[in-house]
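Here is a short report on how two chains meet. Look at the model first, then read on.

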Amino acid sequence: MMDLGFDLAGRRDPRLFTGLLFASLGAILEAVPLGVAVWVLEALLVRGEPPLSTIALVLILLACLVGAFIFKIIGGRLNFSATYDLVGRTRLRLIEHLRKLPMGVWNQRRLGSTVSVLTDEFSLYTEIVTHSWGLVVANIALPVVIGIVLMFSDWRLGALALLPVPLALLAIPWSFRLVNRAADRAFAEKQAAVDLLVEYVRGIESLRDLEADRGYRARIEAQLHTVEREMMRAELLPAPAIMTFSMLVFTGFTLCFGAGAYWLVQGELEVARFFAVAMVALHFARTLSQLVLYLAMARHAARTLERIRALFDEPVQSEGKDPLQSGPIELEVHDLSFAYEDETTLQGVDAAFPVGSLTALVGPSGSGKSTLAHLLMRLWDVDAGRVTMNGLDVRDLTLQTVQSKVATVFQDVVLFQETVAENIKLGRPEASARDVEEAARTARAHDFIMELPQGYDTVLGPNGASLSGGQRQRLSIARALLKNAPILVLDEATASVDPYEESLIQEAIGALMEGRTVIVVAHRLWTIQGADQILVLDGGRVVERGPHEALVEAGGAYQHLWETQMENRQWRV
Amino acid sequence: MGAFAELLRAHRLRLVASAVLAVAAAALELAPALGIYAAALVVFAPTPELDRLPWIALAILGLVLLRYVFFGTSMILSHASAFALQRELRTELARKLAVLPAGFFDQRSPGDLKKAVVDDVDALEATFAHHVPELASGAVTPLLALGFLLFVDWRLALVSLSLVPVSFAAFAFTMRNFDELMAGWHAAERRANEVVQELFRGIVVLKAFGREASQMKQVRESVFGIRDFADTLNRRMAPAYTLFMMLLGSNLLVVLPTGVILHGGGSIDSPTLILFLALGYGITAPLLKLMTLFGDFQMNMVRIQRVSAILDQPPRSRESSTASGAGSLGIIVEDLSFAYDEERGPVLRGVDLEIQPGQKVALVGPSGSGKSTLAQLLAGARRPTQGLVALLDAGRRRDPLGSVSLVGQRAELFFGTLRDNLLMARPEATEDELRAALDAAGLSAVVEHLPLGWDTPIGERGAHLSGGEAQRVTMARAFLRDCPVQVLDEVTSHLDPDNERLLQQSVSRLCQGKTVILVAHRLRSVMGVDQLVVLDEGRVVDRGPHGLLLDRCPLYRRMWEVQQSAEGWRLGTRRRELRVSP
């Protein structure tokens with residue numbers, strides 16, 4: 001039987017079955033007039049007069065119509081309500097599940113593909129499931145009833161008409177298998193073409209500057225040709241199987257008709273019965289062959305369902321229960337190792353971040369300094385070793401606890417389509433307007449906020465599109481100020497902001513650091529000369545540690561970085 | 001004629017053939033019912049020739065099989081056209097995007113363009129592969145059947161149609177609030193999509209601030225909002241719609257009683273009655289398919305319009321010129337103004353500049369002063385709203401496009417190998433030239449570490465290159481192009497010291513012997529250039545060498561001072577002695 005994924009909703013809904021019952025009754029009542037018609041026809045042909053009065057005939061037909069109408073309405077309402085409810089619940093359960101994944105998985109690509117499953121693909125899935133439950137499943141009743149009528153009219157002819165049906169039904173899984181294989185290939189090729197196209201569209205301006213668009217288009221065109229070929233294959237391969245279904249069904253009719261004609265000639269079959277059976281067999285074939293139209297839909301639903309089930313299978317971050325006293329937090333990492341996508345990024349890292357200290361993480365790009373910062377706030381879980389707060393493994397604490405202790409300021413600032421005040425209040429929802437303004441002032445954001453059309457009540461565009469990089473960063477600092485967490489994880493870089501912006505951000509960060517344990521991912525070494533300790537990472541290991549004065553004399557990696565950077569500062573075009 | 005229509009014209013024959021075959025297949029769909037009628041004519045003839053019956057059975061079988069041959073061929077033709085058309089449309093769209101004016105891209109986000117190139121073109125498969133043949137056959141089957149019935153007995157034929165007006169009245173009733181309901185439906189779906197997207201886009205921040213729960217509340221409301229709207233939709237539309245569907249398939253209700261009466265009165269014979277029951281029952285049902293198809297078809301017309309709108313855009317003007325390579329060129333800018341759109345007002349106003357061949361010029365100024373926009377105009381990537389930007393080539397003025405290379409803030413890598421990424425800049429480059437460019441960009445050491453050397457795939461799918469390495473790949477491209485004028489927009493942002501040094505070295509190399517325009521935030525790095533152009537709010541405030549500006553330009557002096565103090569900044573001071581870690 002078709003898998004529609006109702007088990008994923010987390011609850012059963014009896015309306016599914018009552019709804020189906022009513023819809024099937026409706027379908028059966030729709031089939032009755034056909035039975036009446038052949039009954040009347042037979043009587044007319046045999047005795048020359050109808051078996052009942054015209055009034056009675058009209059009343060019976062009308063009653064069937066009205067009855068079918070009522071059953072269908074009731075069934076439809078039950079089915080619709082139940083399926084929309086179940087599918088909605090499935091979507092929510094999936095979202096609940098996904099939000100418990102380690103946060104580190106949410107990179108750009110992953111975000112795009114998952115959101116597309118949760119939105120567009122889910123809408124399509126919803127439409128297919130809600131419609132196929134009510135319509136397809138109920139409509140199966142129609143050919144079944146007609147088939148029964150057929151067997152009762154004349155079992156030999158009925159059997160002939162039904163003979164190819166099992167074969168025809170076998171064609172369905174056959175066609176599915178063919179489609180799946182070919183469609184998977186075509187889908188992969190098409191995805192490759194879409195990736196190329198999207199990249200072309202995104203990068204068109206650079207490509208034009210380089211005058212490289214032509215070369216890139218040649219690649220796109222080659223891929224588009226492959227797609228065309230594979231799509232055609234995916235369409236053609238299963239076509240015989242799909243046509244076989246409907247062809248076999250009509251072959252059944254022809255068998256029935258031919259045998260009937262033969263027996264008629266032999267005098268073994270009444271004329272009237274012959275025509276009655278032929279008529280029923282014809283409608284049987286028609287209604288059955290219409291079901292094939294839904295097959296493509298069902299297949300599509302099955303594919304989406306596979307993707308949904310795969311998402312449900314991803315392991316979530318476990319949560320502990322231990323509470324943590326409010327107050328200062330001693331943060332430590334012990335023998336920490338972590339690999340991402342099969343690449344080891346950290347190995348055997350030990351470090352302590354005493355209360356109120358300033359620690360700088362430095363090293364070339366790819367050394368693992370950002371990954372270490374991410375692990376401290378439990379964006380990921382470590383593969384080996386532990387991160388502890390006041391001696392407790394963070395995995396034994398609730399996520400909420402861990403996250404309430406750490407504030408972050410990163411380059412990549414996420415803003416929401418709400419007012420400026422709401423965006424700042426994210427740090428502390430119960431904050432008053434005065435608190436918000438005070439935080440904004442301290443973060444050197446108040447002045448530019450007041451220049452916005454509605455000040456603090458200005459609703460930001462998608463991801464704060466109209467704000468400059470420096471302004472966004474100052475909003476995120478205001479947010480962190482309100483949150484007032486004891487630990488601050490900071491990305492020091494302030495790329496592409498003008499000198500004014502930079503000095504404002506520096507003042508704001510200075511205020512934010514006040515009284516907190518600070519871990520900074522540092523790029524410009526001269527800014528961290530005052531750090532309590534500097535951890536120098538290379539290839540995922542801590543290769544040096546200590547204060548600036550000691551490291552700069554040590555003759556190791558830090559000294560090299562420092563001297564290079566000092567020379568770079570003197571560079572002139 | 002539009003570009004879309006022109007593409008379509010090439011497929012005219014195949015599409016027409018597909019429609020004709022679909023119509024023929026649809027006509028053959030009537031074969032079984034007509035076979036029953038033929039049998040009735042034989043059986044009820046005054047002198048029945050019953051030996052004809054087996055032939056009728058054979059004929060039905062043959063025609064049924066033939067129907068699948070026609071149908072299959074029609075589908076092959078329509079799909080072949082549809083897939084080819086999709087390919088051609090995408091190729092054309094890609095070609096078009098390459099020649100549109102830069103202003104076009106300011107009006108549309110990459111998301112909008114992606115929608116046209118990917119989603120809209122995708123949806124057109126249904127139009128050409130399915131809608132065209134199915135519309136043709138959906139209309140033809142009932143029409144042919146009706147024609148035949150009218151020919152056999154016009155009274156009964158009209159009776160069998162009598163429910164159609166009632167059914168359409170029910171349909172009209174269903175549709176009375178359709179637009180409004182559909183708008184509500186789409187709004188509910190869009191709302192849920194937005195809220196879900198917002199949740200995951202911001203999930204790290206929401207978690208960090210413990211605010212996931214409130215966003216989840218919105219998600220829950222919006223998802224149940226869809227369900228509740230579906231209920232409303234069902235309540236308001238289902239009764240009339242169900243009636244409409246049922247009436248279309250229920251003409252037995254009128255055909256059977258009327259047939260019985262007429263047959264009893266002797267005005268129709270038995271074969272006619274049999275024909276009407278076999279063919280007339282459900283004759284109007286295909287109309288249903290026709291209507292839903294027509295709805296889809298119309299929806300896709302909107303998509304076609306969207307795609308056509310791009311295809312029919314006028315391309316940017318482009319005067320003939322290519323990089324002459326040798327010798328450096330000067331640049332002249334006269335009374336230049338530029339606006340991204342009229343609403344937001346001009347970003348640059350009345351800019352005059354003259355850059356001598358071989359000069360090094362830096363554009364400086366606060367954020368939003370128009371530096372990057374001016375750089376793009378100088379490179380010919382954008383066209384002035386007013387005024388002129390031209391290269392001076394031995395006294396002659398010419399278009400900058402093609403002779404100026406622009407290296408921007410974003411280091412864009414594309415799918416493909418490192419070699420592909422380099423060859424983009426000059427497809428005919430030899431192995432030696434590629435190697436020289438890699439050397440000049442300080443990339444040789446990086447290449448050695450890549451598993452497949454130059455043939456290692458890079459970019460999002462391939463080997464990871466750091467920001468600095470990616471930036472140097474774009475530099476290597478600039479070396480390969482070897483344009484006489486070089487525009488560099490903020491190429492040295494925060495990199496680790498080794499990467500920064502390599503990048504600085506390659507910038508110095510690239511600038512040798514060329515006319516160079518730099519956009520710079522770090523004043524110190526450009527203090528030695530021939531000419532600094534200070535911009536503020538889209539105007540040139542002053543220009544000259546560093547020393548002169550420091551003396552006479554207050555804005556420049558302030559920028560310089562602020563930067564000096566920012567460079568002395570330290571993150572906190574040592575606040576406590578560290579315990580010895582365990």
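This is a predicted model: local features need pLDDT of at least 70, side-chain atom pairs count only at pLDDT 80 or more; totals for chains, interfaces and linings use all residues.

On the side of chain A that touches chain B, helix H2 (residues 54-98) of chain A gives the most, with 23 residues. The residues on that side of chain A divide into 88 nonpolar, 37 polar and 43 charged.

Salt bridges also link the two chains. The count between chain A and chain B is seven. One of them joins A:Glu96 to B:Arg220. The closest N and O atoms of this pair are 3.2 Å apart.

## Extent of the contact

How many residues does each chain bring to the contact? Chain A brings 168 residues, and chain B brings 157 residues.

Between chain A and chain B, about 14900 Å² of area is buried. Carbon and sulfur atoms give 66% of that area.

## Nonpolar cores

The largest nonpolar core has 88 residues. Those with the most contacts inside this core are A:Phe257, A:Phe275, B:Ile36 and B:Leu256. Helix H9 (residues 271-291) of chain A supplies the largest share of the core, 14 residues.

Take B:Leu256 as an example. Leaving aside residues up to four places away in sequence, B:Leu256 touches A:Val36, A:Ala37, A:Val40, A:Leu57, A:Leu61 and B:Leu277.

Another core, of 77 residues, lies apart from the largest one. Among its residues are A:Trp106, A:Leu397, B:Phe200 and B:Phe209.

Terms used:
Residues are numbered from 1 along each chain as its sequence is written. Chains are lettered from A and ligands numbered from 1 in the order in which they are written. Side-chain values use heavy atoms; hydrogens and water are left out. Contact means heavy atoms within 4.5 Å. Buried area is the accessible area (1.4 Å probe) that two parts lose on being put together, summed over both. A salt bridge is a side-chain nitrogen of Lys or Arg within 4 Å of a carboxyl oxygen of Asp or Glu. Helices (H or I, at least four residues) and strands (E, at least two) are DSSP runs, numbered from the N terminus. Ala, Val, Leu, Ile, Met, Phe, Trp, Tyr, Cys and Pro count as nonpolar, Asp, Glu, Lys and Arg as charged, and the others, Gly among them, as polar. A nonpolar core is a set of buried Ala, Val, Leu, Ile, Met, Phe, Trp, Tyr and Cys residues joined through side-chain atoms within 4.5 Å. Buried means under 20% relative accessible area, exposed over 50%, partly exposed in between (1.4 Å probe, protein chains only).
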